[in-house]
Structures are given as C-alpha cells and as structure tokens.
Amino acid sequence: MSGAAAIRVLAPELQIIQLSAHAFSEALFFFLHKNWFRDKHDLQLVKFLDLYMVCAKFAIDWQAVHEIAEAHDAVAGLAFALHCVNELFPGAVPAAVVRRTAEHASGWRDAYVDREGNVHQWEAPFLDRMFDMDGKVGEIRRKFPALAFG
C-alpha cells in the first residue's frame with residue numbers, strides 16, 4: 001500500500017512476555033483496583049486468548065522466551081500465564097515449556113496480594129475463578145468482610 005505508515009510490533013517472544021506480565025499483574029494485584037467488585041478484571045478470557053493467538057500464529061523460540069523472562073525476573077508471570085493458557089486451551093503451549101516453568105507457577109497460580117502486601121491463596125480453582133464471578137467475589141467478601149472496594 002503506497003504511503004501507508006509502517007507499524008512496529010514486538011517480536012512474538014516479547015509479546016508473550018508482555019502479555020504474560022499483564023495477565024499476571026492484574027491477577028496478583030487486583031486488590032489495588034478500587035473498582036474490583038464492580039469490574040472483576042483480575043482474570044479475563046481476552047488476556048489469555050491474546051496469548052493463545054500469539055502461540056498459535058507464530059513459531060515461538062521458547063528458549064528465547066525463557067531467557068528473556070529470566071533476565072528480567074519475569075519467570076513467575078510467564079509461568080502463571082502459560083499454565084493458565086494451557087488450561088483454557090489445552091496444547092497451546094508445548095508440554096516441555098509447561099514442565100520447565102512448573103516450579104515457578106506452583107506458588108503463584110492461585111495467589112493474590114492484599115493492600116498491605118500480604119500474599120493469600122484462592123480456595124477456588126483457576127477455572128472457577130475465571131468463569132464464576134459470584135463465587136470469586138463471595139470468597140473475597142467472606143475472607144475480608146470489612147473490605148470496601150469502589
């Protein structure tokens with residue numbers, strides 16, 4: 001197309017790191033969002049679908065992804081997101097990659113941080129939290145009855 005502006009995008013490996021960090025930070029730090037009870041934006045299918053689409057569309061250099069994540073202290077977020085993507089879309093991430101990141105995902109997949117910086121664990125499994133909003137909100141209200149979100 002003549003005269004079209006060039007658009008620069010991240011390499012697929014960097015897209016995976018960025019999308020993983022975004023999904024992880026919102027799942028882990030949802031307490032910092034004053035409107036969480038209204039918006040419930042800690043887990044959103046679209047974030048994991050974006051990751052799935054990058055994995056499905058491109059030939060990913062998984063060694064590079066892991067090296068980048070290690071260099072930037074982002075392995076926990078990467079592990080969280082890849083394990084969630086694989087649960088939602090089985091086989092989206094190669095089994096060897098899932099195994100390699102398993103030790104990093106185990107402590108964080110069901111974790112969240114409250115406003116004082118304390119780490120808590122969800123009682124509900126990932127898929128329930130993903131699709132049962134009432135149950136997820138009920139768990140937080142039960143654990144933190146005095147908590148006020150916007």
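Where is the place of Asp-50? I found Asp-50 in helix 3 (residues 45–57); helices here are DSSP runs of H or I with at least four residues, strands are E runs of at least two, and both are numbered from the N terminus.

Ground rules before I go on. This is a predicted model, where local features need pLDDT of at least 70, side-chain atom pairs count only at pLDDT 80 or more, and totals for chains, interfaces and linings use all residues. Residues are numbered from 1 along each chain as its sequence is written, and side-chain values use heavy atoms, with hydrogens and water left out.

Back to Asp-50: I get a relative accessible area of 37%, so Asp-50 is partly exposed (buried is under 20%, exposed over 50%, partly exposed in between; 1.4 Å probe, protein chains only). Its C-alpha sits 9.4 Å from that of Gln-15, 35 residues away along the chain.

Next, the rings. I count twelve aromatic pairs (Phe, Tyr or six-membered Trp ring centres within 6.5 Å; planes under 30 degrees apart are stacked, over 60 edge-to-face, the rest tilted). One of them is Phe-31 with Phe-144, edge-to-face at 5.1 Å centre to centre and 75° between the planes. That pair bridges 113 residues, from the loop between helix 1 (12–28) and helix 2 (36–39) to the segment after helix 8 (133–143). Both Phe-31 and Phe-144 are buried.

I also looked up Tyr-112 and Trp-122, a tilted pair at 4.8 Å and 50°. Tyr-112 is buried at 0% relative accessibility, and Trp-122 is buried at 7%.
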